[in-house]
Amino acid sequence: MPIRALTIDFWNTMVVARTGGAARQAQRLTQITHTAQRVRPATSQEEVREALAVAAARHDTHWREEHRTPSTDTLIGFVWQALDVEVDPAHHQATVRAVEEGLLHGAPDFAEGLTDALAWAADRYPLAIISDTMFSPGRVIRQLLDQRGTLKAFSAFVFSDEVGFSKPDRRAFDQAAAALEVRPDEVLHIGDLRRTDIAGARGAGALGALYTGIHTDDGHPAQPHVHLASWADLPQTLAQLDG
């Protein structure tokens with residue numbers, strides 16, 4: 001079956017997650033600590049750091065076991081619970097928004113060759129992003145892509161915070177295919193994680209390309225149809241699959 005559309009993961013596929021991470025973490029720590037200190041002035045950044053780790057662990061439990069990702073609103077609620085503070089709704093919502101927009105303060109680098117690959121691919125295929133989210137929702141990821149001039153390459157978006165489910169739930173892939181007006185078996189999904197991207201694509205009947213340009217994932221048995229070591233290799237990879 002010829003490939004008629006591409007879907008692409010965001011974190012560690014389009015962008016290098018570790019870059020900008022220190023700035024994002026610092027911005028979030030400062031904002032959350034400031035809000036918590038309104039209620040309990042003695043709250044330290046170390047306590048907040050530990051509470052964020054608790055929230056992240058709870059996020060991962062839902063992500064891995066239930067195939068959904070809690071919203072930033074819910075995650076910050078987990079932080080307040082871990083700190084045992086009661087924050088008023090207005091300050092809570094202001095903190096949620098500041099944490100979400102931390103992505104713009106500590107923007108990650110694009111993967112090498114991504115911009116050229118997207119320009120090439122967008123001339124030949126409809127494109128969609130399928131991304132699981134945590135503290136950075138689809139709303140803010142769109143802002144980042146718009147600032148970088150790449151938002152227009154995509155015709156559809158399936159962000160877990162917006163649709164209520166996450167990879168490997170096949171609904172993520174089905175929804176993207178429907179939005180691109182193709183069948184799932186006409187889609188190549190490109191992502192860096194075997195458990196979510198490759199197993200999810202295979203479960204939906206799509207092809208899966210494991211992107212290894214940032215790190216190598218050997219933590220799950222799902223086998224990709226092809227490996228993509230560099231975005232510069234995309235044309236050759238697609239020619240190989242279509243052939």
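Predicted model: local features only at pLDDT ≥ 70, side-chain atom pairs only at ≥ 80, totals over all residues.

**Rings, cores and overall form**

Let me start with a charge and a ring: the charged end of R58 is placed over the ring of F78, at 3.6 Å from its centre.

I turn now to rings paired with rings. The structure contains 5 aromatic pairs. In one of them, F10 and W11 have ring centres 5.1 Å apart and planes at 85°, so this pair is edge-to-face. Both F10 and W11 are buried. F157 and F159, by contrast, form a stacked pair, with 5.9 Å from centre to centre and 10° between the planes. F159 has 0% relative accessibility and therefore counts as buried. Ring pairs also bring F154 into the picture, linking F154, F157 and F159 into a cluster.

Some of these residues return when we consider the nonpolar interior. In soluble globular proteins, nonpolar side chains tend to be buried together. Here, the largest nonpolar core comprises 36 residues, and those with the most contacts inside it are L6, F10, M14, F154, W231 and L234. Leaving aside residues up to four places away in sequence, L6 touches A121, Y125, P126, L127, A128, L180, L188, L234 and L238. Apart from this core lies another, of 18 residues, including A51, L52, V85 and V96.

Where is T43 found? T43 belongs to the loop between α1 (21-39) and α2 (45-66). Is T43 buried or exposed? T43 has a relative accessible area of 2%, and is therefore buried, the cut-off being under 20%. Its side chain reaches the backbone oxygen of R40 at 2.8 Å. Not counting residues up to four places away in sequence, T43 touches T33, A36, Q37, V48 and L83.

Finally, the protein as a whole. Its secondary structure amounts to 11 helices and 8 strands. Of the 243 residues, 51% count as buried. Among contacts with a separation of 6 or more, 68% are between residues 24 or more positions apart. The C-alpha atoms fill a box of roughly 65 × 35 × 30 Å along the principal axes.

Thank you for your attention.

Terms used. Residues numbered from 1 in each chain as written. Heavy atoms only, no water. Phe/Tyr/Trp six-rings, centres within 6.5 Å; stacked < 30°, edge-to-face > 60°. Buried < 20%, exposed > 50% of the residue type's maximum accessible area, 1.4 Å probe, protein only. Lys NZ or Arg CZ within 6 Å of the ring centre and 35° of its normal. Helix = DSSP H or I, 4+ residues; strand = E, 2+ residues; numbered from the N terminus. Polar contact = N/O pair within 3.5 Å; in protein donor to acceptor, adjacent residues only side chain to side chain. Contact = heavy atoms within 4.5 Å. Core = buried A, V, L, I, M, F, W, Y, C linked by side-chain atoms within 4.5 Å.
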